[in-house]
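Me: I have a structure open and would like to walk through it slowly. Could you help me read it?

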Amino acid sequence: MRRTLSGLLCAGATVPLLLAAAGCRRDPAPPAAARHLVLVTIDTLRADRLGCYGSRDVATPNLDRLAREGALAAEATVHVPLTRPSHASLLTGRLPAEHGLRDNVTPPLAASVPTMAEILRKAGFATGAFVSAVVLSAQSGLGRGFETYDDRLEAGADDARFLNSIQRRGDVTTAAAVSWLEGQRDKRLFAWLHLYDPHDPYEPPEPYASRYVGRPYDGEVAWSDELVGRLDQALERLGLRDDTLLVVTSDHGEGLGEHGESVHGFFVYQSTLRVPLLVRGPGVAAGGRVAATVGTVDLMPTALDMLGVAAPPEARMSGRSLAGALRGGPPPAEAAAYAESLLPLLHYGWSDLRMLREGRWKYIQAPRPELYDLAHDPVEERNLAEEQPARAAALRSALAGRLAHEKEAAVSPDAAAIPPDLLEKLGALGYLGAAAPPPGASTGADPKDKIAEFKVLNRLVREGLLRLRERDYAGSAARLQELRRRGVDSFEVRYYLARALVGLRRHRDAATHFAAAAERLPGYAAAHLGLADARIAVGDLRGALTALQRGRQASPRDPRLPEREAQVWRKLERPVEAVSAHEAAIALAPEDALLRVQLGEAQRDAGRLDEAAASLRAAVALDPRVASYWNALGMVQGARGDFAAAEAAFREAVARDAADASYQYNLGLALLRQDKRADAARAFRRALALDPRFAPARERLAEAGG
Ligand SMILES: [Zn+2]
C-alpha cells in the first residue's frame, strides 16, 4: 500500500484520479529546491512490469521503494516509441517535430534546440551522461551540454557478434556513472544513466535468467531494478541522496506480441507508449500519485522547476511542469497527449500513425482510424471509432490542429552527413534505416494490415545483415534480393546487397547496386567508396574517379573519399593529382598519420622530395609508434641524399620492429653511403639472419667488405 505524506489518513492507492497527497496535506511548506538531478532511463521498459504499477510477476523492489519514497505518474506516455527521438523529447521537453529527430538514424540534434544538459551546465552544474546503445552515441547530438558523455560500447567495429554486441551491459554503465559521481566535488550535479538491458535480445544475467525462465524480458526488468538499487546505494554512500531529484523513466515499452508487435517502433499502442515515471527527492510528496496523463516532454520543465533553474525562452518546451503536483499541490489538469510512429511511412511507404489521447479516450489516425476507451479497454482490443463517430471526429479534429501546428514548429536537424558505419550498426539492430521513403513513395497502406509483412521484411533484413557479417555472401544476397522482390528497394537493401555481391566477386553487379544506393542516400560516403572499389576491381579507374568525385560533392567532410581518389590517381601514375587529393583528405583529418605517409609517398613520386620529407616527419610526429612510417621517412631522406637523416629514421624503424629484414637492409645502405662500413656490414648481417635468401643484402655485405 502506497502512503501519503500525512500517513494513513489518505490511502493513496484508493484515490486514483487525484494526486493522493493533495487532499490531505496539512501545512504547505515552502518548496525545497533539489540540489542535484539524476535521470535514469531504462530503455524499453513497460510500466506494467513494475510492482508499483501493479505487476505481481516481476520483482522490482528498488523501483517500488522509489515509488513509496517519492511520487509515481500512473499514466506517463512517450511521444514516439523509438529510442533516439524519444530520448530527445525527454532531454529537450519538445515533441518530435519540434526537436527534429523522428527516427533512430538521423543527423545530430539541431544546435538551435537547447538541451537540459546545456541549460544546467550554464547554471553551474557538473554534467555527465552514461549511455548503453549506439543510437544514443554522441553522433545523436544528445551529448550537447554534457561535459562527460560516455558512449563507449563493448563491441569493436567489426565484431561478428554484431546483433548482441552493440550495447553495453547495464552494470558496466552504472559503474561508470557511479565512478563519475564519486569524482565530483562541491558542484551541483546532473547525471544521466541510460540502461539498455530490457531492449531485445533479452539475455538477463544470473540469477535472473534462472528466476525468469521463459520470461527473459521480465528477467531484464528485474536486473535493471537491481541496477537502480546500486545507483541509489551509491547516492546514499556519497551523501547525495537527500539532495537529489532522482527520476526514473523509459523511452518506450515493448509489444511482446500484443497487436502482433514483438518489439516497438511500429505501432502506437499502450504496450509501447506507456512507461513508468518515478520521481523522488526534496519536496516530492512521498507516495504521491499523479493520475492525469502526462508526457515525457513534461520531465524537463518539471526537473528545471524542482531544481530552481529557469528555462531560457529559446527552450520553447512543449511540456509542462508537474512540480506543484509532485510537491503535493493540486493535480495537473488533464491535457491531451500526442504520439507518432513515422516508421511505416519512412521505411516502407505505408501510412504513418498519429495518436491523440484525452484522458481515457485515445484516437489513432490511420487509414482505418481507431478509438479506444482506455478506462474499460486498457489493452485496446475494441475499436470504437465506428460506434462513437462524434468522439472520434472531435479527436481527429484536435489532432489535425496539432499537425497544422507541427508544420509551423518543425525543426530540421542541422544538415550533416550520417557518419560512416552508423547506418549499418542500426540496420543490424533491426531498424531498417534512414533514407526517404523508397521511390514510388507512399502506398498509404494501413500499418495494421502490414504487421505480418513488416516482421517478414525485418527478419529478412536482420538475416541478410547477419549473414553478410558471417561472410555467407550467397545467403545474404538471397535474402536481400527477396526483400527487393517484396517491394523494398531502400538504400540499405541496395547497399548491403552490393556488399554481398562484392563478397561473391560479382563486382559489376555490385557496382550497379552501389550506384543505386548512392543515388538514394547521396550523403553516405561508404556507398560512393563501394562503387569506386567495385569499379577499380574491374579495372575501370576512370569510372572510380567519377564515383569518388560525386561522393566528395555529396559528402564533403569524409576524408576517405579524397584518400581513395588519391590512391586511384597514383594507380594512374598521376602523382600531381594524387598529391592534391591527399592534401584535401588531410585537411579533413589533420591528425591522421597514415594520410601524411601516403601524401609523402605521392610527393616523392612527383619528385617533390623536400615536401615529402616534411610530410613524413609530420606523420612520425603524429604517431611515432609505427616502424613503417619511419622506414618511409628514411627512404625519402635517402632519396634526398641526406644519409645521416636516413640512418636516423631507419634506426627508429629498426628499434620498433627488429624482425623486419628490409629495415635492417635500408639501415645498412644508409650507413654504407656514409662509408660506415663496419656498421653497415653488421646491419646487412642482421638482415640476412632474418632472411637468409635476401640476395641484395648478401651483395651489399660483400660491398661493405663483410
Ligand atoms: Zn529504446
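This is a predicted model: local features need pLDDT of at least 70, side-chain atom pairs count only at pLDDT 80 or more; totals for chains, interfaces and linings use all residues.

Me: Which residues touch the most other members of the largest nonpolar core?
Reply: Those are Ala303 and Phe514, in a core that holds 168 residues. Helix H17, residues 491-503, supplies the largest share of this core, with 9 residues. There is also another core lying apart from it, with 34 residues, including Leu616, Tyr629, Phe650 and Leu669.

Me: What does Ala303 contact, leaving aside its neighbours within four places in sequence?
Reply: With those neighbours set aside, Ala303 is in contact with Leu37, Met116, Leu245 and Val247.

Me: Back to H17: how does it lie against H18, roughly parallel or roughly antiparallel?
Reply: The axes of H17 and helix H18, residues 507-520, come within 8 Å and cross at roughly 160°, and therefore the two helices are roughly antiparallel, since an angle over 145 degrees counts that way. Their crossing is left-handed. On the H17 side the contact involves residues including Phe491, Tyr495, Leu497 and Leu501, while the H18 side includes His507, His513, Phe514 and Ala517.

Me: Which residues of H18 are buried?
Reply: In H18 the buried residues are Ala510, Ala511, His513, Phe514, Ala515, Ala517, Ala518 and Arg520, and what covers them includes H17 and H19. H18 itself has 14 residues and reaches 20 Å from its first C-alpha to its last, close to the 20 Å expected at 1.5 Å a residue.

Me: Why does Thr512 count as partly exposed?
Reply: Thr512, which is found in H18, counts as partly exposed because it has 16 C-beta neighbours inside 10 Å, and a buried residue would need 20 or more. The C-alpha atoms of Thr512 and Arg535 are separated by 9.9 Å, with the two residues 23 apart along the chain.

Me: And Ala532, is that one buried or exposed?
Reply: Ala532 sits in helix H19, residues 525-537, and counts as buried because it has 30 C-beta neighbours inside 10 Å. Leaving aside neighbours within four places in sequence, Ala532 is in contact with Ala544, Ala547, Leu548 and Arg564. The C-alpha atoms of Ala532 and Ala515 are separated by 9.4 Å, and these residues are 17 apart along the chain.

Me: Changing topic: what do the buried residues of H6 pack against?
Reply: They pack against strand S5 (126-130), strand S6 (148-150), strand S7 (189-195) and helix H8 (216-237). Among the buried residues of H6 are Thr173, Ala176, Val178 and Trp180.

Me: How do the axes of H6 and H8 cross?
Reply: The axes of H6 and H8 come within 10 Å and cross at roughly 10°, so these helices are roughly parallel, given that angles under 35 degrees count as such. Residues making the contact include Gly170, Asp171 and Leu181 of H6, and Trp223, Leu227 and Ala234 of H8.

Me: Last topic, the loops. Which residues does a cis peptide bond join, with omega about 0°?
Reply: That bond joins Asp200 and Pro201, and Pro201 lies in the loop between S7 and helix H7 (208-211). A cis peptide bond also joins Glu206 and Pro207, with omega about 5°, and Pro207 has its place in the loop between S7 and H7.

Me: What is phi of Glu573 near?
Reply: Phi of Glu573 is near 55°, which is a positive value in a residue other than glycine. Glu573 is in the loop between helix H21 (560-571) and helix H22 (575-588), and counts as exposed because it has 8 C-beta neighbours inside 10 Å.

Me: Where is Asp675 found?
Reply: Asp675 is found in the loop between helix H27 (661-673) and helix H28 (677-690). Asp675 has a positive phi of about 65° although it is not a glycine, and is exposed, with 10 other C-beta atoms within 10 Å.

Note on methods. Residues are numbered from 1 along each chain as its sequence is written. A nonpolar core is a set of buried Ala, Val, Leu, Ile, Met, Phe, Trp, Tyr and Cys residues joined through C-beta atoms within 7 Å. A residue is buried if 20 or more other C-beta atoms lie within 10 Å of its own, exposed if 12 or fewer, and partly exposed in between; C-beta atoms are placed from the backbone. Helices (H or I, at least four residues) and strands (E, at least two) are DSSP runs, numbered from the N terminus. Two residues are in contact if their C-beta atoms, placed from the backbone, lie within 7 Å. Axes are lines fitted to C-alpha atoms, for helices over the stretch in contact, and angles run from 0 to 180 degrees between N-to-C directions. Angles under 35 degrees count as roughly parallel, over 145 as roughly antiparallel, 65 to 115 as roughly perpendicular and the rest as oblique. A crossing is left-handed if the near helix is turned anticlockwise from the far one by less than a right angle, and right-handed if clockwise. The expected span of a helix is 1.5 Å times one less than its number of residues.
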